[in-house]
Amino acid sequence: IVKGKASDSEVWALGRLGARAPLYGPANLVIPPAEVEPWLERLATSPWARPASVSLAVAQLARRTGDPARDVSADIRAQVAQRLEKESQGSRFARWVREVVDMDASQQALVLSEALPAGLRLVAPAPTSSS
C-alpha cells in the first residue's frame with residue numbers, strides 16, 4: 001500500500017484482517033492494537049495511491065470500539081482521523097475513528113462492498129398480535 005502497488009482487493013483485505021470491530025466472529029480474535037499501530041503510523045504518513053480504498057481500510061484498522069483491549073491508542077486515532085479528514089468523504093471515516101459508532105446496514109454494505117438494490121430497506125418484522 002505504501003509503495004502504491006496494492007490493488008483495491010488487497011487494501012480491502014488488510015482493512016478486514018486488522019479491523020477493530022469484526023462484522024462477525026468473536027471480538028477477542030482481532031489483531032492486538034500493539035501490532036496494528038505501526039501499520040497505522042506508516043499509513044497515516046504515506047501518500048495514498050488509492051485514497052478511497054485506503055481511507056476505508058485505515059478507518060477499519062483504527063475504528064473506535066469503546067473496548068480498551070481492541071482500541072488503538074488515542075494518539076494514533078487522532079493522527080489517523082486527521083489524515084482521513086484530508087481525503088474526499090474522509091470526515092465520515094474520521095468519525096468512526098474518533099467516536100464509538102454502531103455499524104448500521106449501510107456501513108456493513110460499504111465494508112463488505114455489497115449494497116441492497118435501490119429503494120430496498122431492511123426493517124424489523126411487524127409484531128404479530130395474539131388473538
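Modeller: Start with the accessibility classes: buried means under 20% relative accessible area, exposed means over 50%, and partly exposed lies in between. Keep in mind that this is a predicted model.

Biologist: Why is Arg 98 called partly exposed?

Modeller: Arg 98 has 43% relative accessibility.

Biologist: What makes Arg 98 and Glu 85 a salt bridge?

Modeller: The side chains of Glu 85 and Arg 98 meet at 2.8 Å, N to O. The cut-off for a salt bridge is within 4 Å, so the pair qualifies. Glu 85 sits in helix α4 and Arg 98 in helix α5, 13 residues apart, and the pair links distant parts of the chain. Glu 85 is partly exposed, at a relative accessible area of 37%.

Biologist: How many salt bridges does the structure hold?

Modeller: The structure holds 5 salt bridges. Another of them joins Glu 87 to Arg 83, with the closest N and O atoms 2.4 Å apart. Arg 70 and Asp 67 also form one, at 3.1 Å from N to O.

Biologist: How do you know which of Arg 83, Arg 70 and Asp 67 are buried or partly exposed?

Modeller: Arg 83 has 13% relative accessibility and Arg 70 has 15%. Buried means under 20%, so both arginines are classed as buried. Asp 67 has 26%, and therefore counts as partly exposed.

Biologist: What makes Ala 69 exposed?

Modeller: Ala 69 has 56% relative accessibility, and exposed means over 50%; therefore Ala 69 counts as exposed. Ala 69 lies in the loop between α3 and α4.

Biologist: Why is Leu 84 called buried?

Modeller: The relative accessible area of Leu 84 is 0%. Buried means under 20%, so Leu 84 is buried. Leu 84 is in helix α4, and its neighbours beyond four places in sequence include Trp 48, Ser 55, Phe 93 and Val 97. Leu 84 and Ser 55 are 29 residues apart in sequence, yet 6.3 Å apart from C-alpha to C-alpha.

Biologist: Which residues have the most contacts inside the largest nonpolar core?

Modeller: Those are Leu 40, Val 58, Val 80 and Leu 84, in a core of 23 residues. Helices α2, α3, α4 and α5 each supply at least two residues of this core. The largest share, 7 residues, comes from α3. Beyond four places in sequence, Val 80 touches Leu 40, Ala 44, Val 58, Ala 62 and Val 97.

Biologist: What makes α3 mostly covered?

Modeller: In α3, 9 of the 12 residues are buried. Among them are Val 54, Leu 56, Val 58 and Leu 61.

Biologist: How do you know that the span of α3 is close to the expected value?

Modeller: From first C-alpha to last, α3 reaches 16 Å. The expected span is 1.5 Å times one less than the number of residues, and for the 12 residues of α3 that comes to 16 Å.

Biologist: Where is confidence lowest and where is it highest?

Modeller: Helix α6, residues 105-112, is lowest at a mean pLDDT of 58, and α4 is highest at 97. The chain averages 83, and 78% of the residues score at least 70. Over residues 114-120 pLDDT stays under 50, and the model has 4 contacts beyond four places in sequence for that stretch. Where pLDDT is low, the predicted coordinates should not be read in detail.

Note on methods:
Residues numbered from 1 in each chain as written. Predicted model: local features only at pLDDT ≥ 70, side-chain atom pairs only at ≥ 80, totals over all residues. Heavy atoms only, no water. Core = buried A, V, L, I, M, F, W, Y, C linked by side-chain atoms within 4.5 Å. Buried < 20%, exposed > 50% of the residue type's maximum accessible area, 1.4 Å probe, protein only. Helix = DSSP H or I, 4+ residues; strand = E, 2+ residues; numbered from the N terminus. Contact = heavy atoms within 4.5 Å. pLDDT = per-residue confidence, 0-100.
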